[in-house]
Amino acid sequence: MNRKTIGPGSPVKFDSEVGPQQGTVAEILTDIGNGARIAFVRVTGTLDGAPWRVPVNDLQHVEAA
């Protein structure tokens with residue numbers, strides 16, 4: 001399986017409690033408590049512009065149409 005690396009600027013999709021979401025990774029940080037990599041994903045029109053905090057392992061790269 002050829003997986004693309006997800007990083008800042010990557011278009012991604014993920015499932016949330018309110019349904020599927022799609023956005024752009026703003027930044028990726030490491031959680032100091034458990035060492036997990038967390039992405040901050042901007043999803044247009046949600047959370048008043050605040051980024052979603054999503055574990056990198058829960059993201060899927062969006063392929064260009």
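**Close-up views of a predicted five-stranded sheet**

View 1. Gln21 is buried, at a relative accessible area of 13%, where buried means under 20% relative accessible area, exposed over 50% and partly exposed in between, using a 1.4 Å probe and protein chains only. The model is predicted, so that local features need pLDDT of at least 70 and side-chain atom pairs count only at pLDDT 80 or more, while totals for chains, interfaces and linings use all residues. Residues are numbered from 1 along each chain as its sequence is written, and side-chain values use heavy atoms, with hydrogens and water left out. Not counting residues up to four places away in sequence, Gln21 touches Val12, Lys13, Phe14, Ser16, Val43, Thr46 and Trp52, a contact being heavy atoms within 4.5 Å. The Gln21 side chain also reaches the backbone oxygen of Gly19 at 3.5 Å; such a polar contact is a pair of N or O atoms within 3.5 Å, of which, within protein, one must be able to donate a hydrogen and the other to accept it, and residues adjacent in sequence count only if both atoms are side-chain atoms.

**View 2. Strand S1 between its two partners, S2 and S5**. The open sheet is formed by 5 strands in the order S4-S3-S2-S1-S5, with antiparallel pairing; two strands pair if DSSP finds at least two bridges between them. Its edge strands are S4 (52-55) and S5, each of which pairs on one side only. Strand S1 (residues 11-16) is joined by 6 bridges to the antiparallel strand S2 (residues 19-30), and a hairpin of 2 residues connects S1 to S2. Within this pairing, Pro11 has Thr24 of S2 as its bridge partner. Towards strand S5 (residues 60-61), S1 is held by 2 bridges, again antiparallel, and Val12 stands opposite His61.

**View 3. The aromatic pair of Phe14 and Trp52**. The count comes to 1 aromatic pair, with rings of Phe, Tyr and Trp (its six-membered ring) pairing if their centres lie within 6.5 Å, and planes under 30 degrees apart counted as stacked, over 60 as edge-to-face and the rest as tilted. Phe14 and Trp52 are edge-to-face, 5.5 Å centre to centre with 65 degrees between the planes. The pair links distant parts of the chain, since Phe14 lies in S1 and Trp52 in S4, 38 residues apart. Phe14 is buried at 5% relative accessible area, and Trp52 is buried at 15%.

**View 4. The largest nonpolar core**. This core has 12 residues, among them Phe14, Trp52, Ile28 and Val56; a nonpolar core is a set of buried Ala, Val, Leu, Ile, Met, Phe, Trp, Tyr and Cys residues joined through side-chain atoms within 4.5 Å. Two or more core residues come from each of S1, S2, S3 (37-42) and S4. Leaving aside neighbours within four places in sequence, Val56 is in contact with Ile28, Arg37, Ile38 and Ala39.

**View 5. Asp31 in the loop between S2 and S3**. Asp31 is partly exposed at 25% relative accessibility. The Asp31 side chain reaches the backbone nitrogen of Gly33 at 2.6 Å, and one of its polar atoms lies 3.2 Å from the backbone nitrogen of Asn34. Beyond neighbours within four places in sequence, Asp31 is in contact with Ala36, Ile38 and Arg53.

Terms used: Helix = DSSP H or I, 4+ residues; strand = E, 2+ residues; numbered from the N terminus.
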